[in-house]
Structure formats: C-alpha cells, structure tokens
Amino acid sequence: MHLSPDEMIYWQRGFFKLNATLAFTWVLMFVMAVGSKLITRRLSTAIKRSRWQNFLEIVITGIVRQIKDVGLPHPRLYLAFLGTLFLFVATASLCTVFPFYKPPTGSLSTTAALALCVFVAVPLFGIRRQGLARYLATYMEPTFIMLPFNLISEASRTLALAIRLFGNMMSGEMIIGILLTITPFIFPIVMTVLGLLTGMVQAYIFSILAAVYIAAATHVHHPARKAVPQT
Amino acid sequence: MDSMTTIAVVSIVLAGITTAFGSIAPAMGEGKAVATALTSLAQQPDASATITRTLFVGLAMIESVAIYCFVISMILIFANPFWNHVIAQTAGK
C-alpha cells in the first residue's frame with residue numbers, strides 16, 4: 001500500500017528520481033498553463049463570449065471577492081499568489097476522477113513546498129506593505145514577551161498547513177484503497193465523491209488561511225485619532 | 001517476548017488507541033462549532049456567507065488535530081521506522 005506517490009518511481013538515474021509526484025505535478029502544470037493560454041487567446045468584452053471564458057471569469061471574480069472579504073483591501077495584488085494556490089490544489093484534487101491518477105498533494109513533499117511558499121510570502125507581503133522596521137515590530141505585539149511565541153506560531157502554522165493538506169489527501173486515497181479490497185462495488189464510489197468534496201474544501205481552506213495570514217501581516221495599525229466634530 | 005514482537009504489539013495497539021482517542025475531542029468540538037453556527041444563522045440569515053466561511057475555516061483548524069492523530073496511526077502501521085530497523089537487522093543476520 002503506497003503511503004504517498006513519492007514511492008512510485010518511474011525512472012531513476014543516479015541521484016535523480018522521477019516519481020509519480022513529479023510526473024503528475026508537471027502534467028497538471030502543463031494542462032493548466034496550456035488550457036488557460038488557449039482560453040484567453042481571444043478575449044471578448046461583448047455580451048457573447050465563449051463558455052470557457054465565462055467559467056474563468058466566474059472563478060477569478062469569486063476569488064477576488066473572497067480575498068476582499070478576508071480583509072485585504074487591494075485583492076489584485078495578491079490574486080496571483082492566492083489564486084494559484086487555490087487553483088493548483090483544487091485541480092489536483094478534481095483530477096482524481098481520472099483513473100490511474102494520484103494527486104501530487106497526497107505527498108508530503110508537495111504540501112510542504114506549498115506551505116513553505118506561504119511561509120516566505122507572508123513576510124514578503126508584510127514588508128512590501130509596511131516596511132521592514134514596522135513589520136519586524138509586529139512580532140513584538142502585543143508585548144515584548146510575545147516574541148518567541150509569535151515566532152513559534154509562524155513555524156507551527158506553516159507545519160499545520162502542510163500536514164492538514166497532506167493528511168486530507170492521503171486519507172481520501174487510503175480509504176478508497178482499503179474499501180476496494182473490502183466492499184468493491186458501490187461504496188468506493190461514494191467515498192470518491194466524498195474525497196472530491198474534501199479536496200475542494202481543503203483547497204479553499206489552504207488559500208483562505210494563506211489570505212488570513214497575509215492580511216494579518218499587512219494590517220497597518222492606525223494610531224488612535226481623536227474624532228473630529230463635524231460642523 | 002523478544003524485541004520484534006514487542007515493537008509489533010505496541011505499534012498496533014497504539015495505532016488503534018491514537019485514532020480512537022484522537023477522534024473524540026475534534027468531533028465534539030466540531031459538533032459544538034456547527035451547533036453555534038446554526039444558531040447564529042437562524043438569528044442573522046443575511047450574514048450567512050460570512051458565517052459559513054468562518055465555520056469552514058474553524059472546522060478545518062479543528063479537523064487538523066484529528067488529521068495529526070490519523071497521520072501518526074498511518075506511520076505506525078505502514079512506515080514504522082522501528083519495525084523497519086528491526087526487520088533490516090533480522091534480514092542482515
């Protein structure tokens with residue numbers, strides 16, 4: 001029983017191993033990049049537009065609205081990073097309907113890499129918005145004593161992001177694999193549908209949590225202002 | 001009981017206990033969260049988008065504790081380093 005697609009090695013030479021994680025990640029990237037290039041080749045702003053362009057617009061405006069709801073005032077700045085996170089994890093889990101496909105997010109390497117991207121991106125966005133000195137000062141909030149706790153919480157929430165996504169994807173696959181040996185016919189299909197649902201929810205959770213962390217890092221503290229009486 | 005049997009017995013028993021205990025508390029917490037969310041949805045239905053989104057984020061945070069226990073159980077059963085070490089030792093002998 002494979003614990004993760006890292007163990008399914010297709011080809012290796014010396015140090016480099018082409019395992020299922022790498023192969024399926026590149027296939028996903030290729031499909032998403034080529035697909036979106038084909039769809040956006042002829043964009044139309046008229047009423048009549050292609051079905052795929054409509055679909056992409058629904059997805060993008062939905063993501064922008066969610067980012068704005070989380071509390072980030074200029075969603076377009078963060079749309080590239082957060083949208084990519086959501087689309088990659090969602091596509092990786094949606095493609096489980098195809099046979100012989102193993103989601104690359106079912107491997108701890110992929111989820112750790114995504115979590116590390118968030119870990120690096122949050123200070124970058126915070127520094128870009130607030131400046132280095134003010135961002136580093138937020139680690140001392142609310143008091144000086146909280147500095148080690150803030151640092152530990154940064155590391156632990158990155159770890160939690162990786163393990164949460166990995167655990168959900170791996171457990172979905174493992175349940176289906178185990179059920180196939182016990183009750184072959186209808187029940188594994190039900191569990192596959194459940195796996196699709198949890199995959200989409202986990203994609204949403206991953207990107208919303210990344211958005212919340214970025215919002216916390218870019219939150220500019222306004223000093224308390226005295227209310228100006230309106231005359 | 002030699003060390004190989006001990007490792008096997010302890011791994012199997014602990015894998016079961018980890019999942020058993022590790023799913024009680026998250027399930028109760030999630031039940032409480034959903035109950036509170038339903039109450040506030042009934043009181044303010046027009047905030048349903050915010051409430052639903054916050055509910056899902058909270059459920060994911062609670063669920064991750066259960067996922068940690070599940071991952072530990074899976075490691076104990078399928079990728080147990082102590083078992084692999086002992087097997088490698090007996091295979092090498």
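Two residues are in contact if their C-beta atoms, placed from the backbone, lie within 7 Å. Helices (H or I, at least four residues) and strands (E, at least two) are DSSP runs, numbered from the N terminus.

The model is predicted: local features need pLDDT of at least 70, side-chain atom pairs count only at pLDDT 80 or more, and totals for chains, interfaces and linings use all residues. Residues are numbered from 1 along each chain as its sequence is written, while chains are lettered from A and ligands numbered from 1 in the order in which they are written.

**Exercise 1.** State which residues of H4(A) are buried and what covers them.

*Solution.* Step 1: a residue is buried if 20 or more other C-beta atoms, placed from the backbone, lie within 10 Å of its own C-beta. In H4(A) this holds for A:Leu108, A:Thr110, A:Thr111, A:Leu114, A:Ala115, A:Val118, A:Val122, A:Phe125 and A:Gly126.
Step 2: the cover over these residues includes helix H1 (20-39), helix H3 (75-94), helix H5 (132-137), H6 and H7 of chain A.
Step 3: the expected span of a helix is 1.5 Å times one less than its number of residues. For the 23 residues of H4(A) (residues 108-130) that gives 33 Å, which agrees with the 33 Å between the end C-alpha atoms.
Step 4: just after H4(A), A:Gly131 has a positive phi of about 90°.

**Exercise 2.** Determine how H6(A) and H7(A) are oriented to each other.

*Solution.* Step 1: with axes fitted to C-alpha atoms over the stretch in contact, and angles running from 0 to 180 degrees between N-to-C directions, the two helices H6(A) and H7(A) pack at about 175°, their axes 9 Å apart.
Step 2: H6(A) and H7(A) are therefore roughly antiparallel, a term for angles over 145 degrees.
Step 3: residues making this contact include A:Leu161 and A:Leu165 of H6(A), and A:Phe187 and A:Pro188 of H7(A).
Step 4: by class, the contact has 12 nonpolar, 7 polar and no charged residues. Here Ala, Val, Leu, Ile, Met, Phe, Trp, Tyr, Cys and Pro count as nonpolar, Asp, Glu, Lys and Arg as charged, and the others, Gly among them, as polar.

**Exercise 3.** Describe the side of chain A that touches chain B.

*Solution.* Step 1: the contact takes 13 residues from chain A and 11 residues from chain B.
Step 2: helix H6 (147-182) and helix H7 (187-217) are the elements of chain A that give two or more residues to this side. The largest share, 6 residues, comes from H6(A).
Step 3: by class, this side of chain A has 9 nonpolar, 3 polar and 1 charged residues.

Methods: Buried ≥ 20, exposed ≤ 12 C-beta atoms within 10 Å, placed from the backbone. Parallel < 35°, antiparallel > 145°, perpendicular 65-115°, else oblique.
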